[in-house]
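Student: Can we go through this one together, question by question? I'd like to see how each answer is reached.

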Amino acid sequence: LVGTVFAHRRQARAQRARRAASEPETLAELLCGWRFCRDPALTSLVWEVLRSTPLRPSPLAQALSFAPLDSAPDGADLTEVQHRVRLAERWGEQAPELPASPLDARAWALDALGWLGEETEEVERGAWLRADWDPSPEDAERAAMWRRLPDGGFWSDRGRWTHGLMGDVVSVFRQVIESRQLPSEVARRAIADLRDVLPYKLAVGGKAAGGLVQIGARVLETGPAGPLVELLDALPEGGRRAAGHCLSRRGHWPDTLSQLFPRAAPSERALRCVDWLLPASGESLLDLHVVLRLLERWGEQDAGDPGTDWAVVVQNRGRSRGRLRALLCDGPSPGWMGRFLSWPALAHRTRAATRRWAWEWAWEELALDFSFDAGRPVGVPCRQDGEGPVPLEGEEIEILEVWVLRVILRGRLAHLRRWVDEGSTGDHDATWGRLLVEIPDALRDAGSGRYGRVRAHLVSELSSVLQAHRPLLAALAALPEGRSAMAQFRALTEPHWHAAVPVIASGLPSVRRFAAEAWALGTDTVSAEET
Amino acid sequence: MRVSDRELLAYAADALEPPRKLELSRLIAAEPALAWRLAELRAQGLRRALDAAPRRAEGWHVSLPSGWTLPPPGLGALQGGPAPLMGAEAPLVRLSWPATSAEDDWVLVLERIDGEWQVVAPLEAEELVRVGQLPLVDGQRQLELSAGPSADRVGAVLVPARVQPEWALPAPSRWAPLMEGSLAEGWPAGTVTAG
């Protein structure tokens with residue numbers, strides 16, 4: 001990004017930011033670098049948070065966004081953040097004074113979010129996709145070695161792996177050792193010990209996966225979809241649940257999830273978060289988290305140091321990716337390695353991944369006086385209590401669908417909708433209370449006995465459950481009056497009923513009426529009508 | 001922009017993820033002072049690597065085919081002299097030469113002990129230092145060395161990138177082709193008096 005392009009972009013973005021500060025419908029264009037902008041609901045959420053955040057950009061921050069440039073643009077080919085940091089260094093305390101009304105502050109925040117989003121797209125995502133990987137004659141052999149690895153092939157390939165990776169690992173360790181100016185005898189001992197331990201480090205890693213699995217995860221990150229998407233795509237269902245559980249409890253993620261699912265209980269947020277941890281939506285979720293984190297910071301202190309803001313982006317993305325890598329490596333089988341066997345330049349990708357892994361390992365060993373415990377994993381493993389709440393599955397879903405039918409036939413569909421959407425019915429209806437406690441224990445959250453799993457399922461599935469019940473509701477609405485009605489009711493419902501849900505043995509006139517009302521709502525309006 | 005030594009070292013070790021590598025490469029290209037710091041870090045690393053190399057005085061030596069000759073001080077393509085000490089434990093000498101040699105060529109460092117030239121570095125494949133990794137000062141590549149206690153001269157040869165030591169061979173056989181190449185093709189070399 002040469003200086004003239006930077007200046008042009010900066011000016012155009014500043015104009016869009018000023019417009020968007022009072023015309024939020026133009027927000028998506030300004031924030032197009034953030035993936036969540038493809039979802040109007042998320043863009044709207046960001047707007048609402050932005051509006052309610054007391055922003056205090058420093059005069060320098062305002063100037064960096066809106067002041068005219070006072071000299072010819074920098075001719076160097078730099079990234080956006082580098083241009084801005086240079087500009088900030090040049091202006092220092094002499095930054096031009098600009099108006100600082102709340103609207104100006106909002107325009108500044110929008111401008112900052114605009115360039116940070118574009119930088120995320122160009123550097124954080126783009127650099128991975130534009131990286132040059134050089135093909136070599138070793139590619140086929142390296143692919144064959146990776147192919148054999150998940151089947152316990154390390155020991156038969158031990159010599160090849162060790163020989164193939166030793167040079168890069170030792171080279172990286174030497175850089176770290178030499179940077180600390182360690183005595184030569186310490187350096188010699190460390191390198192000699194490293195040579196001995198490397199094969200074991202590659203093969204095992206204590207409770208976590210072996211070094212080669214960790215290197216493999218870093219190879220996976222070089223894939224054509226970008227590191228985050230590749231990791232999410234490779235993560236098994238249990239891993240995604242564990243990731244959701246992890247995110248719902250760590251760092252600032254609980255704040256993000258509470259803003260994304262404001263009416264959900266914490267355990268339910270973890271489950272609903274899992275639905276976002278997919279290749280198609282993972283980048284959106286992470287971008288949203290980063291933006292909410294930035295806004296939170298800007299509301300707490302003087303905002304607007306471009307280097308600090310960019311560090312928030314980089315650190316949050318790096319931490320999230322590190323957790324996903326750890327979960328992937330700790331998974332039951334590294335079968336995901338099959339994904340990269342056909343990628344070009346696999347030898348180069350493997351060497352680059354090895355050097356990144358070795359860099360992390362070398363600094364860990366330096367802190368531990370090069371004690372070289374082969375069983376100690378490189379990086380922070382994702383330690384948590386199991387995989388968190390498990391979504392409903394199999395027979396549990398069948399039971400819940402029958403319970404929903406019972407709720408409808410007891411005339412509490414509106415209560416159910418409010419409970420699912422808002423977490424509460426807003427009244428103290430005794431019938432609803434009795435229905436709620438009829439939910440079998442097996443469907444409730446382990447330990448707490450709460451309904452997080454049930455609500456998490458119904459948030460996404462209630463409409464389809466109601467749709468599935470429509471033929472039965474139509475038949476029940478047409479039940480005749482008289483003595484044969486109960487027999488017909490049983491004939492219609494028994495094939496669908498489940499023993500875990502109490503049967504309806506009386507009150508057929510009401511059942512008939514409630515079935516007719518629910519059916520009359522229609523499929524499209526069933527979800528919206530009563531909320 | 002502030003860049004830590006650790007980031008620069010990671011860059012030098014090619015251990016950065018692509019986004020950080022992209023950022024740093026642009027900054028290094030734009031800021032000569034940063035490029036100089038990187039070169040200095042690499043040079044320091046090389047000096048320490050050489051200092052850390054095992055010495056004959058400690059009961060170690062590399063056997064070489066006898067007859068390896070290097071130009072006397074002042075006559076080779078690499079010109080030498082004492083270097084500023086900068087806190088080093090042992091006296092340093094410096095060899096420098098015009099930066100016209102290929103950057104992929106690598107540096108073979110030797111010491112003369114009891115009249116015989118001994119290889120000091122690289123002793124292993126990963127110790128191999130490319131010309132392009134050395135600091136560039138006023139159009140000159142610079143290599144700073146400290147001599148072992150028994151050496152009376154130190155020297156260096158710029159070996160073409162196409163020539164690689166056969167690491168699996170024992171030392172005499174490993175270095176013999178290089179000695180022949182050096183003699184036959186006249187690779188740039190130079191020596192300086194130790195201490």
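Tutor: One term to start with: a contact means heavy atoms within 4.5 Å. Also, this is a predicted model, where local features need pLDDT of at least 70, side-chain atom pairs count only at pLDDT 80 or more, and totals for chains, interfaces and linings use all residues. Residues are numbered from 1 along each chain as its sequence is written, chains are lettered from A and ligands numbered from 1 in the order in which they are written, and side-chain values use heavy atoms, with hydrogens and water left out.

Student: Okay, for contacts in chain A with a separation of 6 or more, what share comes from residues 24 or more positions apart?

Tutor: Take the contacts in chain A with a separation of 6 or more. The part made by residues 24 or more positions apart is 77%.

Student: How many helices and strands does chain A have?

Tutor: Helices (H or I, at least four residues) and strands (E, at least two) are DSSP runs, numbered from the N terminus. For chain A the tally is zero strands and 24 helices.

Student: Is A:Thr354 buried or exposed?

Tutor: A:Thr354 sits in helix H17 of chain A. Leaving out residues up to four places away in sequence, A:Thr354 touches A:Leu165, A:Asp168, A:Val169 and A:Ile215. Buried means under 20% relative accessible area, exposed over 50%, and partly exposed in between (1.4 Å probe, protein chains only). With a relative accessible area of 0%, A:Thr354 is buried.

Student: What is phi of A:Ala345 near?

Tutor: Most residues other than glycine have a negative phi. A:Ala345 is in the loop between helix H16 (306-330) and helix H17 (346-367) of chain A, and it counts as buried at 2% relative accessibility. Its phi is positive although it isn't glycine, near 55°.

Student: And what is phi of A:Phe370 near?

Tutor: A:Phe370 lies in the loop between H17 and H18 of chain A. A:Phe370 counts as buried too, because its relative accessibility is 3%. Here's another non-glycine residue with a positive phi, near 50°.
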